[in-house]
Amino acid sequence: QVQLVESGGGLVQAGGSLRLSCAASGRTFNGYAMGWFRQAPGKERERVATITWSGKSAYYAGSVKGRFTISRDNAKNTVYLQMNSLKPEDTAVYYCARSTGPEKSGLADFVSWGQGTQVTVSS
């Protein structure tokens, strides 16, 4: 079964930047859409950004539009989330997930999840 490992989280001041990475082991990302999700304490899990297998189409939550960028390097079997202009409300555990197909990007389509990486934005 696929294993997804997130990295790059940490503590950053408001207005700063972080780049999250998601690497796969066991199986590759090839042929699957990928996504980033986040969950703050006491809140529902939120879909942050998704990207199709080809990388030609991406979705962003309205709260991160213009600040976050999702990308993938299929040759390296890695997905990234570049986060700029971070705000305290971005504080959450960020999860990487794999979809069931090359284009399916609804929340229910993501069935393989990583363990998450903590992002904390201070004011």
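Predicted model: local features only at pLDDT ≥ 70, side-chain atom pairs only at ≥ 80, totals over all residues.
Me: Let's start with S85: is it buried, exposed or partly exposed?

Reply: S85 has 41% relative accessibility, so it counts as partly exposed. Residues are numbered from 1 along each chain as its sequence is written, and side-chain values use heavy atoms, with hydrogens and water left out.

Me: Where does S85 sit, relative to the strands?

Reply: Strands here are DSSP runs of E with at least two residues, helices are runs of H or I with at least four, and both are numbered from the N terminus. S85 falls in the loop between β8 and β9 (92-99). Its phi is near 50 degrees, a positive value in a residue other than glycine.

Me: Which residues does G15 touch, beyond its neighbours within four places in sequence?

Reply: A contact means heavy atoms within 4.5 Å. Leaving those neighbours aside, G15 is in contact with S85 and L86. G15 belongs to the loop between β2 (10-13) and β3, and it is exposed, with a relative accessible area of 52%.

Me: How do I read a disulfide, and how many are there?

Reply: A disulfide is a covalent bond between the sulfur atoms of two cysteines. The rule used here asks for a pair of cysteine sulfur atoms within 2.5 Å, and by it the count comes to one. C22 is joined to C96, with 2.0 Å from S to S. C22 sits in strand β3 (residues 18-25) and C96 in strand β9, so the pair links distant parts of the chain, 74 residues apart. Both cysteines, C22 and C96, are buried.

Me: Why is the disulfide left-handed?

Reply: The torsion about the S-S bond of C22 and C96 is about -75 degrees, so the disulfide is left-handed.

Me: What about V2, before β1?

Reply: V2 lies in the segment before β1 (3-7) and, at 10% relative accessibility, counts as buried. V2 and A24 are 22 residues apart in sequence, and their C-alpha atoms are 6.7 Å apart in space.

Me: Zooming out, how many helices and strands are in the chain?

Reply: The chain has zero helices and eleven strands. Its radius of gyration is 13 Å, close to the 14 Å that the globule rule gives for 123 residues, so the chain is as compact as a globular protein of that length. That radius is taken over C-alpha atoms, and the rule is 2.2 Å times the number of residues to the power 0.38. Of the 123 residues, 42% count as buried.

Note on methods: Buried < 20%, exposed > 50% of the residue type's maximum accessible area, 1.4 Å probe, protein only.
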